[in-house]
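Please keep the sequence and the structure in view while reading.

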Amino acid sequence: MAEKVYNFGAGPAMLPEPVMKKIQQEWLDYQGMGVSLIEISHRSKEFIALINEAQALFRELTGLPDNYRILFMHGGARMMFSAIPLNLAERVPSKRCLYVETGNFARLAAEEAELFYPVETIANSAATGYDRIPEIAPEMIDPAAAYLHITSNNTIFGTRWNKFPETSVPLVADMTSELLSRRIDFNKFGVVYAGLQKNLGPSGMAMVIVREDLLGFAAKQTPTLFNFAQCDKDNSLTNTTNTFAIYVIKLVLDWLKEQGGIDAIESLNQKKAARLYEVIDGSDFYRGIAHPEHRSIMNVSFRLASEELDRKFLAEADAIGLYALKGHRNAGGVRASIYNPMPYAGVEKLAVFMEEFERQNR
Ligand SMILES: *Cc1c(COP(=O)(O)O)cnc(C)c1O
């Protein structure tokens, strides 16, 4: 490998190098036990200490209020698309679930809820190619509904909510592609969840943050492993959890703390995104997909003048170690996913490449 490779993949995404080195270093001997973390019981005192530490670190870094519980659940974000309605809809007589459709995952979340309960999509930005976050007026939200679901950062199109809707019904957010990338006031939310593989760790699991008073309303037929109250009661160890994933989250949280915490990483994330948007805004050669007021600082999506030029851009980028920049099949073009672990140097290298590519191809 001659050139340093920067991984711009949307997920599973890059992890901090110190985290991977640490995993490698203690792979065969976890904390002097003489066995690997991956071969010890999920009920061992060492693992229980680890899961508790991960939760405590998350609380410390995010300032999560005491009346919120932290769960680790199987199946990634899309499993939560089913778990959310099953756990929350029966709390109210209407059982009505409200969704805002701001992208593919938002649509899939609503479709999943529809398998179980009446769903209303109260706003939708499909007509403009999911390039923005629709305006939500208070009167659009039925106060008798069970919850309002949003996707706080839209990974494919590169938009995000800057201001969250004010509502009396519990607000539920899929934060898969941005949890821990910016300061969030959790008090505004009933439930926040995230698949791990974008900003937190390996794929196949989700972190779920749920306000205590919303526990205990699961539908009778809810599968045991989907039940938030059960998971909370068992401290996420109802059955054998993905011990490795939780170990990685813990190391990622340690790393984040060393970086100065959420506020420090947020300002670095802003600086990284600004560097790329500056190139996009500085010319008509690149066309940003997201409306400037609704841009994500995690996923920067843009197109060139033709699909042929997109392909040339991607091939030349790949050749110099700028890996996995291809846009999602539903958006096309180019997407740079610049999650917490992406160093500024990776973004700078991409920005310089973009400027150079424009000079040679315009
Ligand atoms: C990646 C992603 C998902 C899907 O996550 P899985 O863990 O594969 O189910 C859902 N929502 C958002 C916002 C995503 O970015």
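Predicted model: local features only at pLDDT ≥ 70, side-chain atom pairs only at ≥ 80, totals over all residues.

A residue counts as near a molecule or strand if one of its heavy atoms lies within 4 Å of it. Residues are numbered from 1 along each chain as its sequence is written, and side-chain values use heavy atoms, with hydrogens and water left out.

Around the ligand there are 13 residues, of which R78, T155, D174, Q197 and K198 come nearest. Helix 3, residues 76-88, contributes the most to this shell, with four residues; helices (H or I, at least four residues) and strands (E, at least two) are DSSP runs, numbered from the N terminus. Several polar contacts, meaning pairs of N or O atoms within 3.5 Å, with a donor and an acceptor required within protein and residues adjacent in sequence counted only if both atoms are side-chain atoms, can be located here. A polar side-chain atom of T155 is 2.4 Å from an oxygen atom of the ligand, while a polar backbone atom of R78 lies 2.8 Å from an oxygen atom of the ligand. In the side chain of D174, an N or O atom is 2.6 Å from a nitrogen atom of the ligand. On its own the ligand has 390 Å² of accessible area (Shrake-Rupley method, 1.4 Å probe; for residues, only the protein chains shown count as cover), and the protein covers 86% of it.

Attention now turns to strand 10. How many residues of strand 10 (residues 205-211) are buried? Seven of its seven residues are, where buried means under 20% relative accessible area, exposed over 50% and partly exposed in between, with a 1.4 Å probe and protein chains only. In a regular strand the side chains alternate between the two faces of the sheet. Here M205, M207, I209 and R211 point one way, and A206, V208 and V210 the other.

Strands pair if DSSP finds at least two bridges between them. Strand 2 (residues 68-74) runs antiparallel to strand 10 and is joined to it by seven bridges, with Y68 opposite R211. Strand 9 (residues 191-195) is also antiparallel to strand 10, through five bridges, and G195 stands opposite A206.

Elsewhere, three strands form an open antiparallel sheet in the order 11-12-14. Strand 11 (287-288) and strand 14 (334-337) each have a single partner strand, so one side of each is left without a neighbour in the sheet. Strand 12 (residues 299-303) pairs with strand 14 over four bridges, and N299 stands opposite S337.
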